[in-house]
Amino acid sequence: MSEAVLETRGLRRAFTQGDTTIEVLRGVDLAVQPGEIVALLGPSGSGKSTLLQAVGLLEGGFEGSIRINGRQAEKLDTDGRTELRREALGFVYQFHHLLPDFTAIENVTLPQLIRDAEPGPARERAIALLTALGLGHRLDHRPAKLSGGEQQRVAVARALANRPPLVLADEPTGNLDEHTADVVLAEFLSLVRGEGSAALVATHNERLARKMDRVVRLHEGQLEELGPKQG
């Protein structure tokens, strides 16, 4: 088996409120293999977002080991974490966080330009991703002119623009109605698999979680393996 694209060992995170210490993560061990899509299942408040913030190198205060794409993240300084995040990770959130003054194609092109891609190939890459997500006719629309499902599709394309080995998605369809959520998730899974990326997808929806390769549940700060998808 090849090296995991993401591996955590003994990951812990606690928050202090007054005289009370709340342990949100209590020794999380997790491995995600290259190309694998793993559902992180749990209700609101279970710590899913906290775990994604940890492995996304977005917040400090954690104890334990985080290894991403062969690099030991907790040993890196701020610049090193920023570089690793830029090179190895893509992010999709519940709310799309698109740049409102930029068109769909510009929102997907810009992350590539930040990585020093040439404008021509970056634009071609953006067009290919958006077209694969059914937005070939909406390339020049700004977010305010797109539906909620279309906005989230643009966010998915943006997350994959730089071909990250790992995509982290936090309730990526949580702000959509059931039908649109099913469609967007199916397109997300298809595109991630087609790109050969791995993904860790936080969701409270067990039905959606079962569409992924493997399901783990975050319960009382630790992970429980629920096994591969059914059917």
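Select Glu150 first. Leaving aside residues up to four places away in sequence, Glu150 touches Leu135 and Arg138. This is a predicted model, so treat each stop as computed. Glu150 belongs to helix H5, which covers residues 148-160. Is Glu150 buried or exposed? Its relative accessible area is 14%, so Glu150 counts as buried, the cut-off being under 20%.

**Across to Thr131**

Next, select Thr131. Thr131 sits in helix H4, residues 119-132. Colour the side chain and look for its polar atom. That atom lies 2.7 Å from the backbone oxygen of Ile127. Thr131 counts as partly exposed because its relative accessibility is 42%, between the limits of 20% and 50%. Thr131 and Ala157 are 26 residues apart along the chain. Their C-alpha atoms are separated by 9.5 Å.

**Along helix H6**

Select residues 178-195. This is helix H6, with 18 residues. From first C-alpha to last, H6 reaches 26 Å. That is close to the 26 Å expected at 1.5 Å a residue.

Begin at the start of the helix. What reaches the backbone nitrogen of His179? A side-chain oxygen of Asp177 comes to within 3.2 Å of that nitrogen.

Then work along the helix and pick out the buried residues. They are Thr180, Ala181, Val184, Leu185, Phe188, Leu189, Leu191 and Val192. Keep the helical repeat in mind while you look. An α-helix makes a turn every 3.6 residues, so residues three or four places apart point the same way.

Stop just past the end of the helix. Gly196 has a positive phi there, about 80°.

**Over to the sheet**

Look for an open sheet of four strands, in the order S2-S1-S4-S5. The pairing is antiparallel. Which strands lie at the edges? They are S2 (20-32) and S5 (71-72), each pairing on one side only. As background, strands of a sheet pair through backbone hydrogen bonds, either parallel or antiparallel.

Zoom in on S1 and S2. These two pair over 10 bridges, in the antiparallel sense. Select Ala14, then find Glu23 in S2, the bridge partner of Ala14. Follow the backbone to the turn. S1 and S2 form a hairpin with two residues between them. One stop in this turn is Gly18, with a positive phi of about 65°.

Now turn to the other neighbour of S1. S1 (residues 6-17) and S4 (residues 63-68) run antiparallel and are joined by five bridges. Select Arg12 and look across to S4: Glu63 stands opposite.

**Zoom out**

Show the whole chain. How many helices and strands does the chain have? There are seven helices and 10 strands. Along its principal axes, the C-alpha trace spans about 50 × 45 × 40 Å. The radius of gyration is 17 Å, which agrees with the value near 17 Å for a compact globule of 231 residues.

Colour by accessibility to finish. Of the 231 residues, 48% count as buried. The chain exposes about 11200 Å². Carbon and sulfur atoms supply 47% of that area.

Last, consider the contacts between residues at least 6 apart in sequence. Of these, 68% join residues at least 24 apart.

Terms used:
Residues numbered from 1 in each chain as written. Predicted model: local features only at pLDDT ≥ 70, side-chain atom pairs only at ≥ 80, totals over all residues. Heavy atoms only, no water. Expected span 1.5 Å × (residues − 1). Buried < 20%, exposed > 50% of the residue type's maximum accessible area, 1.4 Å probe, protein only. Polar contact = N/O pair within 3.5 Å; in protein donor to acceptor, adjacent residues only side chain to side chain. Rg over C-alpha atoms; globule rule 2.2 N^0.38 Å. Contact = heavy atoms within 4.5 Å. Areas by Shrake-Rupley, 256 points an atom, 1.4 Å probe, with all protein chains shown as cover. Pairing = 2+ DSSP bridges.
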